[in-house]
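The model is a predicted one.

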Amino acid sequence: MSDLRTQYLGLQLKNPLVPSSSPLTGDFDSARRLEDAGAAALVLPSLFEEALRHEEEHMTAFLHHQDIGHVEAEQYLPDMPDYLSELDLHVQRIERYKKSLSIPVIGSLNGITPQGWIRHARDLQDAGCDALELNLYGIASRRNESAVEVEQHYLFLVQKLLDTVSIPVTVKLSAQFSSPIHFIGELEQLGVQGVSLFNRFYQPDIDLATRHIVPRIQLSHSYESLVRIRWIAMLRNQVNLGIAATGGFHTADDALKGLMVGADVIHLCSVLLMQGPAAMADLLRDLRQWLELNEYASVQQLKGCLSYQNAINPAAFERANYAELIGQDAWLKVDLRRGRE
Ligand SMILES: Cc1cc2nc3c(=O)[nH]c(=O)nc-3n(C[C@H](O)[C@H](O)[C@H](O)COP(=O)(O)O)c2cc1C
């Protein structure tokens with residue numbers, strides 16, 4: 001029987017499959033089903049900067065109103081002790097998970113400005129989170145903001161978070177950095193213990209009939225894992241961080257490839273939203289079967305065997321074979337199945 005254990009953010013996990021942040025992990029019954037199906041840990045839905053700030057602004061306005069209000073009108077206002085903020089509910093959820101589940105629970109914060117909300121990271125830590133993931137979900141769209149400024153801003157934010165909590169911190173990044181490996185190296189120097197590569201942005205679409213911009217959440221496809229696989233392969237031997245692969249990991253084959261290039265855990269989201277928590281058990285079974293069939297004693301043995309440093313033809317991860325690939329007869333190498341999906 002292959003040993004599926006893996007280390008991530010200083011946590012010893014029973015296998016490398018971890019449901020990533022989504023509404024599924026925020027629902028207690030689903031979280032329990034995920035654990036029953038073999039999830040090794042889970043990442044909670046993010047606590048959003050916008051939501052907390054919005055709520056705080058409302059609360060300030062409300063209290064101000066009470067200060068200057070009339071006794072009669074105040075009778076209609078809710079009693080403060082009964083009021084549960086977004087943060088209170090989130091903290092209660094973590095406490096419940098920690099009481100009822102035996103797997104590690106990773107909290108998640110989503111924001112790009114440090115204005116006040118980051119202090120709540122300590123609340124998540126006090127509620128029992130085993131680690132924190134900071135989801136840097138920003139679009140650098142301003143003409144006068146350079147790549148260096150964007151990175152400095154993120155580093156400042158991460159530093160603030162590291163100053164606030166003592167549990168391990170990992171950072172979830174998008175692929176949109178000019179030099180992702182350099183930036184991840186800077187994060188490592190600050191003291192983060194991991195990175196999750198890469199988040200997916202939800203693309204706004206245009207409704208031609210109404211000419212409105214419509215935000216759409218589209219679940220991922222397996223082929224989106226390839227960009228993660230390439231970057232993790234190139235990153236693996238350049239940093240000493242926990243690496244989570246996220247985005248397009250749907251099957252045991254996808255997960256095996258992620259591990260081979262050096263990921264410590266594989267995050268799953270779209271596949272679980274589409275197929276339900278039970279898909280976790282099938283993935284785990286297929287992963288174990290492959291390892292046994294191919295005589296790997298452990299996930300540890302598999303991890304990183306095809307990283308840039310260990311692959312026989314590492315240039316294939318870089319640009320080197322680009323000219324060859326798009327040269328004459330390129331169409332013969334096109335995977336025509338894609339067009340029919
Ligand atoms: C409906 C939905 C909600 C999500 N919510 C969060 C979130 O709160 N925080 C976060 O960091 N990522 C969030 N994600 C991103 C996922 O955790 C994951 O990184 C991304 O979907 C790529 O993985 P996948 O291809 O397996 O779906 C969400 C994704 C979906 C589809």
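In helix α2 (residues 28-36), the buried residues are Ala31, Leu34 and Glu35. Viewed down the axis of α2, these buried residues fall within an arc of 100°, so they line one face of the helix. An α-helix has 3.6 residues a turn, so residues three or four places apart point the same way. The cover over the buried residues of α2 includes β3 (17-19), α1 (23-26), β4 (42-43), α5 (86-100) and α12. After α2 comes Gly38, with a positive phi near 115°.

Two helix pairs are set out in the table. Two packed helices are described by the angle between their axes and the distance between the axes.

| Helix pair | Axes come within | Crossing angle |
|---|---|---|
| α10 (residues 252-261) and α12 (residues 279-293) | 9 Å | roughly 60° |
| α7 (residues 147-164) and α8 (residues 180-190) | 10 Å | roughly 25° |

On α10 the contact is made by Ala252, Ala255 and Leu256, and on α12 by Leu283, Asp286, Leu287 and Trp290. By class, the residues of this contact comprise 6 nonpolar, no polar and 1 charged.

For the other pair, the crossing at roughly 25° means that α7 and α8 are therefore roughly parallel to each other. The crossing of α7 with α8 is right-handed. Glu151, Leu155, Val158, Gln159 and Leu162 of α7 make the contact with Phe183, Glu186, Leu187 and Leu190 of α8. The residues in the contact of α7 with α8 are 6 nonpolar, 1 polar and 2 charged.

Technical notes:
Residues are numbered from 1 along each chain as its sequence is written. This is a predicted model: local features need pLDDT of at least 70, side-chain atom pairs count only at pLDDT 80 or more; totals for chains, interfaces and linings use all residues. Axes are lines fitted to C-alpha atoms, for helices over the stretch in contact, and angles run from 0 to 180 degrees between N-to-C directions. Helices (H or I, at least four residues) and strands (E, at least two) are DSSP runs, numbered from the N terminus. Two residues are in contact if their C-beta atoms, placed from the backbone, lie within 7 Å. Ala, Val, Leu, Ile, Met, Phe, Trp, Tyr, Cys and Pro count as nonpolar, Asp, Glu, Lys and Arg as charged, and the others, Gly among them, as polar. A residue is buried if 20 or more other C-beta atoms lie within 10 Å of its own, exposed if 12 or fewer, and partly exposed in between; C-beta atoms are placed from the backbone. The arc is that of the directions from the helix axis to the C-beta atoms. Angles under 35 degrees count as roughly parallel, over 145 as roughly antiparallel, 65 to 115 as roughly perpendicular and the rest as oblique. A crossing is left-handed if the near helix is turned anticlockwise from the far one by less than a right angle, and right-handed if clockwise.
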